[in-house]
Amino acid sequence: MRVALLGGTFDPPHVGHLIAASDAHDVLALDRLVFVPAAQQPLKRNLPVAAASHRLRMLQLMIQGDARFSLDEIEIQRTGLSFTVDTLEEYARRLPEAVRYFLIGADAFAMLDQWRDAPRVVALAHLVVLTRSGGGGGRRDLSADEVSERVRAIGGNEAAVPQALPARRIDVSSTEIRRRVAARRPIRGFVTDAVAQYIDTNELYR
Ligand code: ATP
Ligand code: MG
């Protein structure tokens, strides 16, 4: 059993998440990829966030009917600040025999040294950093070597070799989507139609 977790605030979930998850599912030959929405992201503590119930519902709408993906409310049920290490401890208990991966975008990985108990995080799951494949456009992402180097720097052990997974990174973020909604600009194509509809109906991000 090969399972990967993709954590985030998903405020809202968008096609960038979906495509990165699809690539990871393929490349890592996963049985299951689990989206794990945070109750409160410690490093985003002061930013406004849509209610957990909305973010959950949008994730459900985005992945429903897709057997590759599932959703775990573990962090939302735990409430308070969501520390990845707590979630990974629980997964290690639940699925001790599984090959466990934790997926993380290069931007989030850059802040790993600020995470609670980062050495334990990299001991509990294979850390997979989603890096941009191919060249062109935007900032340069970390190479596999740079990823390994950084994990060593925070005290991760050699056994848990981090991987840089070349995934496409669609140039879209939740921040941009929230801004577009606030500016009354369309978001079709940035999120799935069901999610766009949900945002509209519930008047989110206005
Ligand atoms: P925000 O703009 O509010 O920070 P976001 O678009 O970065 O939102 P998050 O919920 O913070 O979305 O992201 C969850 C995870 O998905 C993080 O590991 C992040 O690096 C990764 N991610 C976000 N956007 C993309 C994208 N376009 N392609 C690949 N991975 C992404
Ligand atoms: Mg982000």
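Modeller: Burial is read from relative accessible area: buried means under 20%, exposed over 50%, and partly exposed in between (1.4 Å probe, protein chains only). Asp23 counts as buried because its relative accessibility is 9%. This is a predicted model, in which local features need pLDDT of at least 70, side-chain atom pairs count only at pLDDT 80 or more, and totals for chains, interfaces and linings use all residues. Residues are numbered from 1 along each chain as its sequence is written, chains are lettered from A and ligands numbered from 1 in the order in which they are written, and side-chain values use heavy atoms, with hydrogens and water left out.

Colleague: In which helix does Asp23 lie, and with which residues is Asp23 in contact beyond its neighbours in sequence?

Modeller: Helices (H or I, at least four residues) and strands (E, at least two) are DSSP runs, numbered from the N terminus. Asp23 belongs to helix α1, residues 15-27. Contact means heavy atoms within 4.5 Å; once neighbours within four places in sequence are set aside, Asp23 contacts Ala167 and Arg168. The protein as a whole has nine helices and six strands, and 48% of its 206 residues count as buried.

Colleague: How much confidence does the prediction carry?

Modeller: The predictor's confidence in each residue is pLDDT, from 0 to 100. The protein averages 88, and 90% of the residues score at least 70.

Colleague: Which residues have the most contacts inside the largest nonpolar core?

Modeller: A nonpolar core is a set of buried Ala, Val, Leu, Ile, Met, Phe, Trp, Tyr and Cys residues joined through side-chain atoms within 4.5 Å. In the largest, of 37 residues, those with the most contacts are Leu28, Leu33, Phe35, Leu103, Ile187 and Ile199. Another core, of 28 residues, lies apart from it and includes Ala98, Ile104, Leu127 and Val147.

Colleague: Which residues are closest to ligand 1?

Modeller: A residue is near a molecule if one of its heavy atoms lies within 4 Å of it. Ligand 1 is surrounded by 19 residues, the closest being His14, Asp107, Ile170, Ser174 and Thr175. Elements that each supply at least two residues of this shell are β1 (2-8), α1, β4 (99-105) and α8 (174-182). Oxygen atoms of ligand 1 lie 2.8 Å from a polar side-chain atom of His14 and 2.8 Å from a polar backbone atom of Ser174. The protein buries 90% of the 600 Å² that ligand 1 exposes when taken alone; accessible areas come from the Shrake-Rupley method with a 1.4 Å probe, and for residues only the protein chains shown count as cover.

Colleague: What joins the side chains of Arg120 and Glu89?

Modeller: A polar contact is a pair of N or O atoms within 3.5 Å; within protein, one must be able to donate a hydrogen and the other to accept it, and residues adjacent in sequence count only if both atoms are side-chain atoms. Such a contact, of 2.7 Å, joins the two side chains of Arg120 and Glu89. Arg120 sits in helix α6, residues 118-124, and counts as partly exposed because its relative accessibility is 34%.

Colleague: Is Ser82 buried or exposed?

Modeller: Ser82 is buried, since its relative accessible area is 6%. Ser82 occupies the loop between α3 (74-78) and α4 (84-94), and a polar atom of its side chain lies 2.8 Å from the backbone nitrogen of Ala39.
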